[in-house]
Amino acid sequence: MSVWSVAGAPSRPTLRRLPIPAAEPRPALRLVREPEPGDLPGQESLSLVVPPPGRVAPPDPAANARDQLPDPRSWAAQFVQVALEVAAGFRPQGQVVRWTSPEVFETLCRRHRLAAARGEARRRPVIRVRAMQLGTPRPGVVEAAAVVDDGRRARAVALRLEGTEGRWRVTAWETG
């Protein structure tokens with residue numbers, strides 16, 4: 001195929017139209033409402049919780065969190081598999097950021113960078129959670145221990161889940 005037209009000038013390549021992907025912007029990029037002249041500074045971020053009339057004591061947040069949290073066994077098993085795939089370099093680190101504390105996220109990011117430097121991210125790990133034990137030291141907190149098989153060896157994983165705002169968050173992570 002020639003890139004030259006009959007007159008001797010280069011021909012233009014054919015352009016393809018692709019649809020614009022639908023994606024929600026990250027929370028930090030959302031627009032913030034401009035203050036109006038009557039607003040006091042800082043008032044737009046003030047959150048007041050007014051109890052209904054007749055209620056003396058505020059509700060127990062731990063009880064509400066327990067009712068709204070997903071099943072810890074299946075959630076922990078799924079998180080362990082995803083986190084180990086992140087640590088192996090196969091998944092992007094951003095997939096676990098909202099489910100982890102900053103310390104756990106940094107640990108997984110460090111393992112991700114090491115796997116990428118060693119070239120391990122090219123092959124997909126086959127990770128299976130073989131066994132899971134759960135303990136509840138106090139309401140809204142679950143400590144889990146898992147036995148994981150990645151096809152080459154079995155290893156142990158320990159993690160601590162804390163329930164906040166109706167979801168689990170991993171605040172401690174150890175891999176053996």
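The protein chain averages a pLDDT of 77, and 65% of the residues score at least 70; pLDDT is the predictor's confidence in each residue, from 0 to 100. This is a predicted model, in which local features need pLDDT of at least 70, side-chain atom pairs count only at pLDDT 80 or more, and totals for chains, interfaces and linings use all residues. Residues are numbered from 1 along each chain as its sequence is written, and side-chain values use heavy atoms, without hydrogens and water.

Among the elements of the chain, strand β2 (residues 141-149) has the highest mean pLDDT, 95. Helix α1 (residues 61-68) has the lowest, 56. Helices (H or I, at least four residues) and strands (E, at least two) are DSSP runs, numbered from the N terminus. Over residues 28-32 the pLDDT is below 50. Beyond near neighbours in sequence, that stretch has two contacts in the model (heavy atoms within 4.5 Å).

Helix α3 spans residues 102-118, 17 residues in total. From first C-alpha to last it reaches 24 Å, close to the 24 Å expected at 1.5 Å a residue; the expected span is 1.5 Å times one less than the number of residues. Gly119 follows α3, with a positive phi near 80 degrees.
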